[in-house]
Protein chains: 2
Amino acid sequence: MLATVIHAAHDIRVEEVPDPVLSTGGDAIVRVVAACVCGSDLWPYRGVTPTNEPHRIGHEFVGVVEAVGPDVELVKEGDFVIAPFYVCDGTCLNCRNGVSTSCLGGGWWGSDDRLGGFADGGQGERVRVPLADGTLAVVPGPVAPEEIPGLLTLSDVMGTGWHAAVSAGVRSGESVAVVGDGAVGLCAIIAAKRLGATTIIAMSRHPQRQALARRFGATHIVEERGDAGVDAVRELTDGIGADRVLECVGTKESMDQALRSTRPGGMVGYVGVPNGGPELPIRSMFSRNVGVNGGVAPVRGYIEELLPDVRSGAIEPGLVFDLELPLTEAAEAYAAMDERRATKVLLRP
Amino acid sequence: MLATVIHAAHDIRVEEVPDPVLSTGGDAIVRVVAACVCGSDLWPYRGVTPTNEPHRIGHEFVGVVEAVGPDVELVKEGDFVIAPFYVCDGTCLNCRNGVSTSCLGGGWWGSDDRLGGFADGGQGERVRVPLADGTLAVVPGPVAPEEIPGLLTLSDVMGTGWHAAVSAGVRSGESVAVVGDGAVGLCAIIAAKRLGATTIIAMSRHPQRQALARRFGATHIVEERGDAGVDAVRELTDGIGADRVLECVGTKESMDQALRSTRPGGMVGYVGVPNGGPELPIRSMFSRNVGVNGGVAPVRGYIEELLPDVRSGAIEPGLVFDLELPLTEAAEAYAAMDERRATKVLLRP
């Protein structure tokens, strides 16, 4: 079959690789219908994470189950499924606590060989899915083609934006500022609105993303950053800062922006993968009672809750995809995201 | 009148100072019935915070109102009152949001001269209280002498322990570990129990404090620290760590202990004044979804909620006082706390 392989920074190729096979009794084989390029895939692409030898890449996909192992009970051949960006059993204590990203039996696509060997992550024609009962969410059929982009966001960006808002504790009537206008930040706006926020401030300088932010529920746009950005947020929030701020970037600057834009007693919900390891300034957090909550989003647990709204069109996260390419053009997909010509790319095998 | 004055590290004197007078229309003059020495008073005592010139000290007291300014409406002569460790108006946006420590019009005892001049902080015979309507909580009379220690804890330590538990989001049936067995840590145990925690782990090596922790509701004692402490907490919590951890010390080591003792998806509630400015390790927090919330405790807002339980004896925070001295022996009170001969000292003018 065909799959995407990264050979080195800026060297993405689509190559013939062995078909996946059932390896453990809990496995499923899924034919990929659509996959994404994730912002975090750009780290090896840009060389921020070194690529020592060629390896498969990708971790967001939806597809149709082609085969299941003998121990699989919840997923069956022919099911349309959403896979989160990690593997989980759904039954351990951490999964039951809603933190399936810390699953005691799970792992990561493409980087874990405990679960019956290497498991590819989605930018290909087929995937072996370990712990299929815990990992995969079944979408009751039939699934219309136009539903695919929205469903695909539940594999990562919509659930991640939702996690930012849930972690920040967004409640009805509150003010929310969102730092970051990538796919996750845009989904965080959807999440804030869904949780009832009435003032939603998108921090964005990009006209098209601003427009999408407005469509998703942003009531205000702030283009300024740094001190001017903090001042602008405060002006929109009675001078004290937003009740909740959703940090969807992961840099030292974006976290600083988020912390300072939060009102005393407010909370930052953060999902931006910390890049370069900025530490959090505890003294200023302490003096203002600004909390920080979030992390790598346990999106698997959010799929069932968000699915009806995605299918009904009540929320439209699929609009974050502004470029669609065949799998064979994965290299162009990476380049488009790297050069910011696209917010989020959908790949079809 | 007599009041405590710090002259230099380890040099505490009780001296004759001018009587306070009403300065603004919103002031009250309160005759102090009882005052505390706070753990944070030990910072200048130990020379950690330099004392450049002699100044008054103290910020926790209860007393009886002797006079009020013409603008005071809620507090009247003869009222028994509890003063929090800061001054607040009770009406600004931050106060209404429950964060009166960030009051837009308030300030700190002994360090703020915006509010009608210097306002002493309680280790003396009388205090001028600015913003009396916002700052003071009235205790409906009569107040029995044996009630004094319990009421006095509402000026700081009980409200601070409560803030740790509320900030961590402690809920019924959860597991809670408390780092720190000082007066605040002990009150945090009371708070965790009051919020319904069913497993309460006190991290303490001090036999008398362990006994008090048990009386307050601790179900387990962990004497180990560091890796062994983390392991011990995990052993008591199905191997994953406590749902909530209350950090009541403020050092780098205690925060590290707290973060690592928290289960994935759990929350650290912290109220220990950060000492030496440890920053928070965002990458490990991110990967495990461990949040951090808390800060300088807005205790004024908690007094009304906790007061009935203190008066009924349902909670007994007054037991944290293990030494009582006349004001004139304030120097001995500081020495006893500094040398850990006392957990918390009550001073009576």
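Reply: Start with a term: helices (H or I, at least four residues) and strands (E, at least two) are DSSP runs, numbered from the N terminus. By that naming, Pro142(B) sits in the loop between strand S10 (137–139) and helix H4 (148–153) of chain B. A cis peptide bond joins Gly141(B) and Pro142(B), with omega about -5 degrees.
This is a predicted model, where local features need pLDDT of at least 70, side-chain atom pairs count only at pLDDT 80 or more, and totals for chains, interfaces and linings use all residues. Residues are numbered from 1 along each chain as its sequence is written, chains are lettered from A and ligands numbered from 1 in the order in which they are written, and side-chain values use heavy atoms, with hydrogens and water left out.

Me: Why is Glu60(A) called buried?
Reply: Buried means under 20% relative accessible area, exposed over 50%, partly exposed in between (1.4 Å probe, protein chains only). Glu60(A) has a relative accessible area of 1%, so it is buried. Its place is the loop between strand S4 (55–56) and strand S5 (61–68) of chain A.

Me: What makes the pairing of Glu60(A) with Lys344(A) a polar contact?
Reply: A polar contact is a pair of N or O atoms within 3.5 Å; within protein, one must be able to donate a hydrogen and the other to accept it, and residues adjacent in sequence count only if both atoms are side-chain atoms. The side chains of Glu60(A) and Lys344(A) make such a contact at 3.0 Å.

Me: Why is Asp238(A) called exposed?
Reply: Asp238(A) has 64% relative accessibility, so it counts as exposed. Asp238(A) lies in the loop between helix H8 (226–235) and strand S14 (242–247) of chain A. Its phi is positive, near 55 degrees, in a residue other than glycine.

Me: Is Asn289(B) buried or exposed?
Reply: Asn289(B) is buried, because its relative accessible area is 4%. Its phi is also positive, near 55 degrees. The residue is in the loop between helix H10 (282–288) and strand S16 (291–294) of chain B.

Me: What makes helix H12 (residues 330–338) of chain B mostly covered?
Reply: Seven of its nine residues are buried. Among them are Ala330(B), Tyr334(B) and Met337(B). Arg340(B) follows H12(B), with a positive phi near 60 degrees.

Me: How many residues of chain A and chain B are in contact?
Reply: Contact means heavy atoms within 4.5 Å. In chain A, 41 residues are in contact with 42 residues of chain B. The rule finds 15 residue pairs in polar contact across the interface (both at pLDDT 80 or more). H10(A) gives the most to the side of chain A that touches chain B, with six residues.
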